[in-house]
Amino acid sequence: MRLTLSVIKADVGSVGGHTKPSSRMMATVEGEVAKAICNGLLIDGFICHTGDDIAIIMTHTRGEGSSEVHQLAWKTFLAATSVAKTSGLYGAGQDLLADAPSGNIRGAGPGVAELSFDHSLSGVRPAESFMVFAADKCGPGAYNLPLYLAFADPMYCAGLMLPPMIKGFRFHVIDMDNTAGDSLLELDAPADSYHIAALLRDNERFGIDRIISRTHGEVVVAVSAQRLHAIAGKYTGKDDPVAIVRNQGIFPAPEEIISPFAKAHFVGGDARGSHVMPLMPVPLNTPVTGMYCLPIVSCVGFSIDSEGRFAESYTDFFDNPAWDEVRRRAQRKAIEMRSQGWSGAAMLPYSELEYGGFRDTVSGLLKRFRLRDDRKPEAAE
Ligand code: 13P
Ligand code: 13P
Ligand code: MG
Ligand code: MG
Ligand code: MG
Ligand code: MG
């Protein structure tokens with residue numbers, strides 16, 4: 001069976017400010033997805049939230065970019081938006097940036113990550129397992145560093161030294177500044193790993209679109225790398241990427257994939273999407289309520305049975321006391337960074353604030369600048 005995993009995530013309203021969706025919104029989404037499983041559009045589906053973003057995780061055989069699956073997600077988010085509107089919630093419909101997009105909704109606001117593979121539970125994949133990362137309050141390249149470390153650095157993933165992975169992985173890097181369309185470059189790790197790093201260091205412009213096994217040709221990672229302001233032309237909330245990562249066997253093990261998140265590395269995001277703050281790993285369904293509005297990321301894992309359904313339960317990877325230590329460190333890093341308020345590296349550069357209200361404040365002031373008249377007064381005769 002050619003199986004597709006689709007993860008579509010959107011922020012369509014939240015309770016008490018930008019914290020979390022309401023339980024009625026979650027129930028609405030669950031109801032719509034249950035109907036789609038019942039009528040055979042989807043094989044299976046799982047709903048969770050990270051901060052105020054609702055993620056729909058689906059298996060089906062309609063392929064990537066399927067208009068039926070995308071339209072189901074769009075209509076489901078519209079239904080959740082009406083619930084949010086009726087309840088007077090904050091940011092109702094915020095990520096639905098297009099008016100009734102037809103077919104594929106990539107580029108219409110919601111984050112979309114999809115990948116497909118032959119699913120037979122035999123050959124190189126006698127078992128199929130994957131994880132989904134979902135981030136809130138952060139920029140589009142938030143996974144650049146952790147995915148690079150997991151798929152290109154044996155200091156983080158010793159599995160790269162094993163025969164099924166030693167040829168490395170192919171990175172499809174996307175230039176998110178190109179508004180003409182998806183602009184991609186394929187680079188191979190380890191041969192091109194310095195070139196990959198040279199691009200991925202810029203989390204606001206370059207992202208990982210997908211990663212492919214060089215030995216087996218299997219897609220292992222898909223990321224929803226896009227910039228919302230490139231779609232909307234103005235600041236409409238943070239990009240908040242999602243990623244699907246298959247694991248085990250011919251791919252890195254879960255611990256090798258999540259260990260780079262122990263860094264709580266600094267990313268663009270946080271309050272008003274304008275700060276540079278550490279990415280805190282959190283359990284599923286965590287609201288954003290801490291001081292500062294820290295960028296957060298959740299990670300859920302599934303196995304898939306022979307019919308393409310999720311096996312009876314899921315794994316919440318960051319819901320473990322081991323991650324409490326990382327959360328405390330993220331908080332300490334956040335306090336340090338915020339102690340310098342708006343100064344220098346604590347906030348994103350001006351070019352990144354371009355689409356937000358900070359731009360209006362500064363452009364009003366720019367009009368008032370005058371060249372200093374430093375010509376010498378005429379010498380007296
Ligand atoms: P188990 O013995 O629990 O399967 O763990 C083995 C392992 O390889 C962990 O990466
Ligand atoms: P959201 O993308 O979750 O709305 O967050 C954006 C923001 O501006 C936080 O202050
Ligand atoms: Mg929001
Ligand atoms: Mg959000
Ligand atoms: Mg957002
Ligand atoms: Mg085991």
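D52 sits in the loop between β2 (44-50) and β3 (53-60), with helices (H or I, at least four residues) and strands (E, at least two) taken as DSSP runs and numbered from the N terminus. This is a predicted model, in which local features need pLDDT of at least 70, side-chain atom pairs count only at pLDDT 80 or more, and totals for chains, interfaces and linings use all residues. Residues are numbered from 1 along each chain as its sequence is written, while chains are lettered from A and ligands numbered from 1 in the order in which they are written.

D52 counts as buried because it has 30 C-beta neighbours inside 10 Å; the cut-off is 20 or more other C-beta atoms within 10 Å, with exposed meaning 12 or fewer, partly exposed in between, and C-beta atoms placed from the backbone. Leaving aside residues up to four places away in sequence, D52 touches D11, S14, H18, T19, K20, P21, D136 and V288 (contact means C-beta atoms, placed from the backbone, within 7 Å).

D136 belongs to strand β5 (residues 128-136) and is likewise buried, with 30 C-beta neighbours inside 10 Å. Among the residues that D136 touches are D52, D53 and D240.

UniProt, in an unreviewed entry, puts a "binding site" at D52, D53, D136 and D240. These positions spread over 189 residues of sequence yet cluster in space, the largest C-alpha distance being 10.2 Å. UniProt positions follow the numbering used here, feature names are shortened, and annotations may be inferred rather than shown by experiment.

Zooming out, the protein chain has 9 helices and 15 strands, and 46% of its 381 residues count as buried.

Conventions: Contact = placed C-beta atoms within 7 Å.
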